[in-house]
Structure formats: C-alpha cells, structure tokens
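Trainee: I'd like to learn how to read a few features of a protein model. Can you walk me through them one by one?

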Amino acid sequence: MPKLQGFEFWSQTLGGARHVVAPMVDQSELAWRLLSRRHGAQLCYTPMLHAQVFVRDANYRKENLYCAVCPEDRPLIVQFCANDPEVFVQAALLAQDYCDAIDLNLGCPQMIAKRGHYGAFLQEEWDLLQRMILLAHEKLSVPVTCKIRVFPEIKKTVQYAQMLEKAGCQLLTVHGRTKEQKGPLSGAASWEHIKAVRKAVTIPVFANGNIQCLQDVERCIQDTGVQGVMSAEGNLHNPALFEGRSPAVWELAEEYLDIVRQHPCPLSYVRAHLFKLWHHTLQVHQQLREDLAKVKTLEGIAAVSRELKLRCEEDMSRQKEGEKPSGSLPFFHWICQPYIRPGPKEGNKESGGARSKRALEEEEGSTEVLSKNKQKKQLRNPRKTFGPSQKPKYAKCDQCGNPKGSRCVFDLCRSCCKKRAFRETADCPGHGLLFKTKLEKSLAWKAAQAQAGSRDPGSFPEVLGSARA
C-alpha cells in the first residue's frame, strides 16, 4: 500500500489534527505527551533527537523512543536534527516503525544548533536540504515533514517553503520568527509570513508562535488559513490550553506526577516541568524555589508540589471578595496561565536601563548587584568572591598561559606537563603522571616473565613424559 501524502496524510493518518504539541528538547517526553493528549492535544512530536547519535547509540534509541512505545501516544511524529542525507535517512529508518511521520528540524535557533550545523542554521543551504528531503521521501515508509523558521522577507520564505514541498515534504510547520528572534529578543511571531506560505503551497501547514490560549488558536486558524496550530511555551505553562481551560496548577501537577510514576523519565525533565507549571506561584513563595531545585527524588518533588498547593490554599483563604490578581497577571498565581517573556526594553527598565548585566556583576558591594545564580553560589559558600580584583592570582604556565600546577616538577599546567612527561618518559607526582615509574614496572615484569620462561622448557618434557607414561 503506497504511503499517504499531503492532505490525505493529514486527514487520515493524523486524524485532521488541529491542536499540536511542539517538539521540545527534554520537555515533550512520553509522560508530558500523555498529559497533553488527555487535555485536548490531538498530535504530539517527540523531543528533537540527534540523528547521528540515534544511529550509533542503541541506548539513546531505547531511552528516547523504543521504551516510550504506548498505544495512547499516537499519532506521533519523531523529529530529528541532521545535516547529512545518509545519516538522516538511517536514523529515520530506525524510527519509522514507531511513529506516523519523520520531521526534519530546520527551526532550532540555539547556539548548540549553530555549533552542530543543524536546525535553522541550514536554511540557506537549499541544495543540501533538497537532497535530504528527497532521499527520505524515496526511502521511508512514512511521510517526511519539516519545521522551519521564516526569513525576514516574505517572498524568500515562500520560495523556501515551495522548495521543501517540491523535494517531498508532506506537511510544513512554520514558526513565524526568524532565527535571530530568540530569548528576550523573541518578539511577536509574524502570522503574515505563515499566511503567505499557506497560500503558496499545496500541502498542510501548521502555525507556530503567539499561542497562549485557545482563543489564540482559533484566531490563528482564521487569520492564516492553516490546518493546525502548534504550541510550545503555552503548553508548558498550561497543558489544558487546547481544552480552553485554566485549571488550578496542582490539578495538572498531580496528574503529571502520577503519569511519570507509570512512565518514568529523567528527574531533570520532571523538575523543569514543575518549574514551568508553578512559575507564577514561585514568584510569590520564593523560598520553595530552592527546595524544588535541590530535591533529589520524584517523591521529593511531589512533596514540594504539595507544599506549594498548601501555600496556595492559604492564599485563597485570605483572598477578599472582589479582589483582583496583583501585577499584570490575568488570573491569580495558582491558576495555569501564560508566561509573557519580557523583551529587551522591559529588561532594561527593570535593571535601571543604564548598565549592562556584566557591569553590575563587576561592581563591588552588596549581593544585590549579583545575578541570581551568583547569589545562590554565595549562599552556599559565603566566602566566595566574584570581583576580578578579589579573585586569587595564579602563576601562569610558560608555554600556554593557563594556571600552572603549584606542585608540578616542570612548572607547567597539567596539559603541557603531560606532553613533556610523556616525551621525556618522566614522572610528575604533583599532577599524578607516572610515565617513568610505569615504564620501569613494565620492563621489570617483562624481565621476570622472560626469566620464568627460560626455566620452563627444562621441566616441560619431564611433565609431558610422565603424563604419557
């Protein structure tokens, strides 16, 4: 049976999915996907997987896909980052029996993607992308899809999308931001770009960006004409977003922890999800933030979550009739709601606008000018200093300029010492390098073996002869 393509694939295999949970590194794991599906998500993506690691490492495949097989977790699209057609297809072939489509990540804007040369940093290499999509389209038994970011120019974005469609892409997710729009520089996603792409291609299109509630989903579909809407940040802060509900945070936190007990995942994933869910409450009850960060077990995380629930119930009992949420929040802090990332201008206002973060950190004085991370370090170690003038001075290695070992026999850093000790077959006890000692032991052992061997031949015939007798 030939594989379905385009709109047939979207309507039949994906069930005409309109509400989609985005691929999120270490955040769209099985437990979170199941929680999201219970609350209105119709299609989920795996976290972004590294194609090359997926091919060479059986444990990576097992941890990220093979052990996560679950009948309720469909339809499912597996996303890979890759920059080599053969490697991408090899990884996809290993994954295709566990999903409904394979997605190529062309949208990751992070520095790790730049260093690894994948994600949004491939968007100028159209020849390479054509070869990757074409080969996958020919070799796989499931459709290949793509998730992209836009170019500043609408025309170039449209040409980019048409190129991917022509190469064999069967569904396109368009994140309406450029690769430069990330973190505090994110800004609003351009639905105009998405709308132009939707009009220009003949395959289904999903929109990504500016989705904080169900009304945003409906407005995006109406404004752009896309087939579905994908959410990442909005989903992390409110997994019931696609239901159009904003429940109490503990309701979804407790449900998620129950699912994790059935489908375990790394504790770091669980902690990250709880930080997102309880984000607004942790701004009020900041002392529990440290507890959540330090706890080492799943039950420990559950205990912190229960304590947060008790604090919220106390806050609710003190709430006066007709009282409104403080600040700019639409709901009280114990209700699931969006987090609006502050832009660079807002960040400058908060810090006074005149001085950079680095300038603040380099000032001497109270801990108020230190970053939160450095304040935490100073709490753990009150004698720790951060000012450049207060940092201890180290003698430098003559060869490379790094700090040299205080007990090095050559007065070098460990790296330079290791090279010299190896070259000269010497020891440096200060760095724990014993090339000379190990060589002497090796020679002594070989000499002992040779001496023992010279004695054996004389006794061997006697033993052999007695055995024959």
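Trainee: Where does His 117 lie?
Mentor: His 117 is in the loop between helix H6 (111-116) and helix H7 (126-139). Helices here are DSSP runs of H or I with at least four residues, strands are runs of E with at least two, and both are numbered from the N terminus. Before we go on: this is a predicted model, where local features need pLDDT of at least 70 and side-chain atom pairs count only at pLDDT 80 or more, while totals for chains, interfaces and linings use all residues. Residues are numbered from 1 along each chain as its sequence is written, and side-chain values use heavy atoms, with hydrogens and water left out.

Trainee: What phi does His 117 have?
Mentor: Here's the general idea: most residues other than glycine have a negative phi, and most peptide bonds are trans. His 117 is not a glycine, yet its phi is positive, about 60°. Asp 26, in the loop between S1 and H2, also has a positive phi, near 60°. Just after H2, Gly 40 takes a positive phi of about 105°.

Trainee: And which peptide bond is cis?
Mentor: Look at the bond from Arg 74 to Pro 75, which is cis with omega near 0°. Pro 75 sits in the loop between helix H4 (58-64) and S4.

Trainee: Is Asp 26 buried, partly exposed or exposed?
Mentor: Buried means under 20% relative accessible area, exposed means over 50%, and partly exposed is in between (1.4 Å probe, protein chains only). Asp 26 has 37% relative accessibility, so it counts as partly exposed. His 117 is partly exposed too, at 32%. Cys 312, on the other hand, is buried at 0%, and Cys 70 is buried at 7%.

Trainee: How many disulfides does the count come to?
Mentor: A disulfide is a pair of cysteine sulfur atoms within 2.5 Å. By that rule, the count is 0.

Trainee: How many residues of helix H2 are buried?
Mentor: For H2 (residues 30-38), 8 of its 9 residues are buried, so the helix is mostly covered. Among them are Trp 32, Arg 33 and Leu 34. The cover includes strand S1 (19-21), strand S2 (43-45), strand S4 (76-81), H11, H12 and helix H13 (267-277).

Trainee: What does Asn 238 touch?
Mentor: Contact means heavy atoms within 4.5 Å. Leaving out residues up to four places away in sequence, Asn 238 touches Arg 245, Ser 246, Pro 247, Leu 252 and Cys 336. You'll find Asn 238 in the loop between helix H11 (233-237) and helix H12 (249-262), buried at 5% relative accessible area.

Trainee: At what angle do H13 and H16 pack?
Mentor: Two packed helices are described by the angle between their axes and the distance between the axes. The axes are lines fitted to C-alpha atoms, for helices over the stretch in contact, and angles run from 0 to 180 degrees between N-to-C directions. H13 and H16 pack at about 10°, with their axes 10 Å apart. That makes H13 roughly parallel to H16; angles under 35 degrees count as roughly parallel, over 145 as roughly antiparallel, 65 to 115 as roughly perpendicular and the rest as oblique.
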